[in-house]
Amino acid sequence: MFIRSWFISATKHIGAGLRYGCLRLFRSGRNVSYRHIRYGSEDFSNIDHADNNLANGFLGFLALAVILILLAC
């Protein structure tokens, strides 16, 4: 149970970091924060939170899969 929750949390943070880095790189004029990307907007709607978790989890899982594939080669 502990390892599963740690893995899920790590993938979400990796995905949020990737999204934050890409937004800072490609949209340098807009004000963007890691907190907004990771946890959602200030008014906090459930769909906003679920959308962020899905996007962050997918990107984090994709990054970890690429790392594992590169380590296996």
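Buried residues make up 18% of the 73 residues in this chain, and the model they are read from is a predicted one. The secondary structure comes to 3 helices and 0 strands, which follow one another along the sequence in the pattern α-α-α. The chain exposes about 5,800 Å² of surface, and carbon and sulfur atoms supply 68% of that area. Among the contacts in the chain with a separation of 6 or more, 51% are accounted for by residues 24 or more positions apart.

**Helix 1**

- Helix 1 covers residues 2-26, and its 25 residues reach 36 Å from the first C-alpha to the last, which is close to the 36 Å expected at 1.5 Å a residue.
- The buried residues of this helix are Thr11, Gly15 and Ala16.
- Phe7 also belongs to helix 1, but with a relative accessibility of 38% Phe7 counts as partly exposed, because the buried class requires a value under 20% and the exposed class a value over 50%.

- When neighbours within four places in sequence are left aside, Thr11 is in contact with Asn56, Gly57, Gly60, Phe61 and Leu64.
- One of these partners, Gly60, is found in helix 3, which spans residues 46-72.
- Gly60 has a relative accessibility of 0%, so this glycine counts as buried.
- Apart from neighbours within four places in sequence, Gly60 is in contact with Thr11, Ile14 and Gly15, and of these Thr11 and Gly15 are listed among the buried residues of helix 1.
- The C-alpha atom of Gly60 is separated by 9.0 Å from that of Ile8, although the two residues are 52 residues apart along the chain.

**Nonpolar surface**

- A nonpolar surface patch of about 720 Å² is made by Phe2, Ile3, Trp6, Phe7, Ile8 and Phe61.
- Helix 1 supplies the largest share of this patch, with 5 residues.
- Phe7, which is a member of the patch, is the partly exposed residue at 38% relative accessibility described above.

**Cysteines and disulfides**

- A search of the whole structure finds 0 disulfides.
- Cys22 has a relative accessible area of 40%, so this cysteine is classed as partly exposed.
- Cys73, with a relative accessibility of 81%, counts as exposed, because that class begins at values over 50%.

Key:
Residues are numbered from 1 along each chain as its sequence is written. This is a predicted model: local features need pLDDT of at least 70, side-chain atom pairs count only at pLDDT 80 or more; totals for chains, interfaces and linings use all residues. Side-chain values use heavy atoms; hydrogens and water are left out. A disulfide is a pair of cysteine sulfur atoms within 2.5 Å. Buried means under 20% relative accessible area, exposed over 50%, partly exposed in between (1.4 Å probe, protein chains only). Helices (H or I, at least four residues) and strands (E, at least two) are DSSP runs, numbered from the N terminus. Contact means heavy atoms within 4.5 Å. Patches are made of residues with over 30% relative accessible area and no salt bridge: like charges are joined within 9 Å, nonpolar side chains (Val, Leu, Ile, Met, Phe, Trp, Tyr) within 5 Å. Accessible areas come from the Shrake-Rupley method with a 1.4 Å probe; for residues, only the protein chains shown count as cover. A salt bridge is a side-chain nitrogen of Lys or Arg within 4 Å of a carboxyl oxygen of Asp or Glu. The expected span of a helix is 1.5 Å times one less than its number of residues.
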